[in-house]
Amino acid sequence: MPKFIRVDMKSKKITTEECPENYAALAGRGLTSTVVANEVKASCHPLGHYNKLVFAPGYLTGTSAANSGRLSCGAKSPLTGGIKESNTGGTFGQKMSKMDIKALVFEEIPAEDAYYVVKITMDGVTFDEAPAETIGMGNYEAIKVLQEKYGPKVGVAIIGPAGEMRLTAANISFADPQSNIRSAGRGGLGAVMGSKKIKAIVIDDTGAGKVEIANVEAFKSASKRFTTALTTHPVTGQGLPKYGTNILVNILNEAGGLPTKNFRTGRNDWANDIGGETMAEVIESRGGKTTHGCHAGCVIRCSQHYHDKEGKYLTSGFEYETVWALGANACIDNLDMIAYADRECDDVGVDSIDVTVAVGVAMEGGVLPWGDAKGALELIKEIRKGTPMGRIMGSGAAAVGQMYGLTRVPVVKKQAIPAYDPRAVKGVGLTYATTPMGADHTAGYAVATNILKVGGFVDPLRKEGQVELSRNLQIATAAVDSTGMCLFVAFAILDIADGFNALIDMINARYNLSLTADDVVELGKSILRTERDFNKRAGLTNAQDRLPEFFEEECAPHNVTWDFTDEEIDSVLDF
């Protein structure tokens, strides 16, 4: 039977049990959010002993299905004050599934001032004191130390110096198959892990078998159909593998939705200097990799290895949102400097959206001139030093705005708004406003339909159809986040009906179920209801489901504004 493991960090007691009946039908985001909603005191301090940190693979994580490598992490967020699910690639989730671990729940906080490595094997869970040299060490070197100690193939979840300082933009980093870094980036979950004095979690699946499949032949057939959908769709089969997510720079710039100079305009004249096409040329010229998977079995392979001028590996998972935030938003046109900043975010262990948006807010406050690439990198490096400015930066865009008395601070529920201007891409603006997670484009990626014309087309500049679009995508996303699939599979399943049907068929074959499309929709609705109920009990109301007032200004080149009424916004998740 699937194992449900509780780790009490105060008593060091390990409880391994069969999955409780009320959690048995859940996985991924559905499971993490339900455990948090049921077991965490909603009014608690996120860094106190009442909070819990939950890891849960999805329904299909660890199977042979394409792109089934995601892991959900959940807790009460120290950044937003509400519920949080952040998910990641890497090897950790697949190893959990192969070991038949339904969930890991980390509870309480230790009395002693020492950091631990929690080791998980087929024999159980043990504690080691964290190697002294890893305390304060960057994630890249710390992962090497741990894999030298525990084995080169172990999965690693780790916090960097930012997590040790319990900063609200601290993330949890995970080793990928090449021991590079993938992150559960948003919401400050690294601070929660730091509060529990967990430096790292090491998982060794030696002796584990394959993930059990109830109906092998049916699963293989559905998996083949699903892979065909992914590899034939123009976004997942062509655009993302060739140029990565950074292909969106020129697309959004052309659409007038690329936020520039802290969301002053939606277009600039130099976007191509930092765009995906230019990035691919640079990578190829330096012997890097233009396509690479963040976990085994990925067929989209939208990641890459970006090298410096000497041909030395610099960073991977160099995403559009980070390039945008330091590029267009902070007016930096130097890809190399942006890459160094991306590496620093990964190494110190912070959300590379919230901290890079914070750079633009710092420029807004006069801390740096616009476009100061060297100054931006040095500002991010302050986080590692633990200086007052570094701690402010490591707490994200909202903290920087508050410290400098600014009103032009692009956040919702204190979480930074990502790389799509909500005035020119109105559907995603509604997602930013209403998702229980704080501003998060992945919670209901209306850009797909507004800009890429995936799943139909809803005019991004007009209000009509946006409420329904955001609502439907948020419901679908909550369900997809429970499958263990990369969210990018949504491009294919929105356009290719058999891709969607194949996804359901794989879940049914895996567990010997008979789920229908209606069941999947109801799952997504149930998750959102659970998350919104937790947030309500935590003190969040509809008043927090709002964009900052400065979005009432016109956004060039289309001169559009954020023009939804409170009633329209409140209707998005009214189901």
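## Before you start

This is a predicted model, in which local features need pLDDT of at least 70, side-chain atom pairs count only at pLDDT 80 or more, and totals for chains, interfaces and linings use all residues. Residues are numbered from 1 along each chain as its sequence is written, and side-chain values use heavy atoms, with hydrogens and water left out.

## The largest cavity

Rolling a probe the size of a water molecule over the atoms shows where empty space is left. Searching the whole structure turns up 2 cavities of 30 Å³ or more. A cavity here is a set of points, on a 1 Å grid over the protein atoms alone, where a 1.4 Å probe fits but cannot get out; lining residues have an atom within 4 Å of a point. Volume is the space filled by probe spheres set on the points, with grid points joined across faces, edges and corners.

The largest cavity holds about 40 Å³ of space. Its lining is made up of Lys242, Tyr243, Gly244, Gly276, Met279, Ala280, Ile283, Thr290, Cys302 and Gln304. Helices α7 (234–243) and α9 (276–285) each give at least two residues to that lining, and α9 has the largest share, with 4 residues. Helices are DSSP runs (H or I, at least four residues), numbered from the N terminus. Sorted by class, the lining has 5 nonpolar, 4 polar and 1 charged residues. In this scheme Ala, Val, Leu, Ile, Met, Phe, Trp, Tyr, Cys and Pro are nonpolar, Asp, Glu, Lys and Arg are charged, and the others, Gly among them, are polar.

## The second largest cavity

The second largest cavity contains about 30 Å³ of space. Around it you will find Leu326, Ile332, Met337, Ile338, Ala341, Ala373, Ala376 and Leu377. This lining has 8 nonpolar residues, no polar and no charged. At least two lining residues come from each of α11 (335–348) and α13 (373–385).

## Helix α12 against α13

Helix α13 also packs against α12 (residues 354–364), at an angle of about 120° and with the axes 10 Å apart. Axes are lines fitted to C-alpha atoms, for helices over the stretch in contact, and angles run from 0 to 180 degrees between N-to-C directions. The pair is therefore oblique; angles under 35 degrees count as roughly parallel, over 145 as roughly antiparallel, 65 to 115 as roughly perpendicular and the rest as oblique.

Val355, Val359, Ala362 and Met363 of α12 meet Ala376, Leu379, Ile380 and Ile383 of α13, where contact means heavy atoms within 4.5 Å. This contact has 8 nonpolar residues, no polar and no charged. Ala376 takes part in this contact and also lines the second largest cavity.

## Helix α6 against α20

The axes of α6 (residues 216–232) and α20 (residues 497–511) come within 8 Å and cross at roughly 150°, so α6 is roughly antiparallel to α20. Residues of α6 in the contact include Phe219, Arg225 and Phe226, while those of α20 include Asp498, Leu503 and Arg510. By class, the contact has 9 nonpolar, 3 polar and 4 charged residues.

## Helix α1 against α18

Helices α1 (residues 28–39) and α18 (residues 466–483) pack at about 100°, with axes 4 Å apart, which means that α1 is roughly perpendicular to α18. Gly28, Arg29 and Gly30 in α1 meet Thr477, Ala478, Asp481 and Ser482 in α18. The classes here are 1 nonpolar, 4 polar and 2 charged residues.

Conventions:
On a 1 Å grid over the protein atoms alone, a cavity is a set of points where a 1.4 Å probe fits but cannot get out, and a pocket is an open set with protein on both sides within 12 Å along at least five of seven lines; lining residues have an atom within 4 Å of a point.
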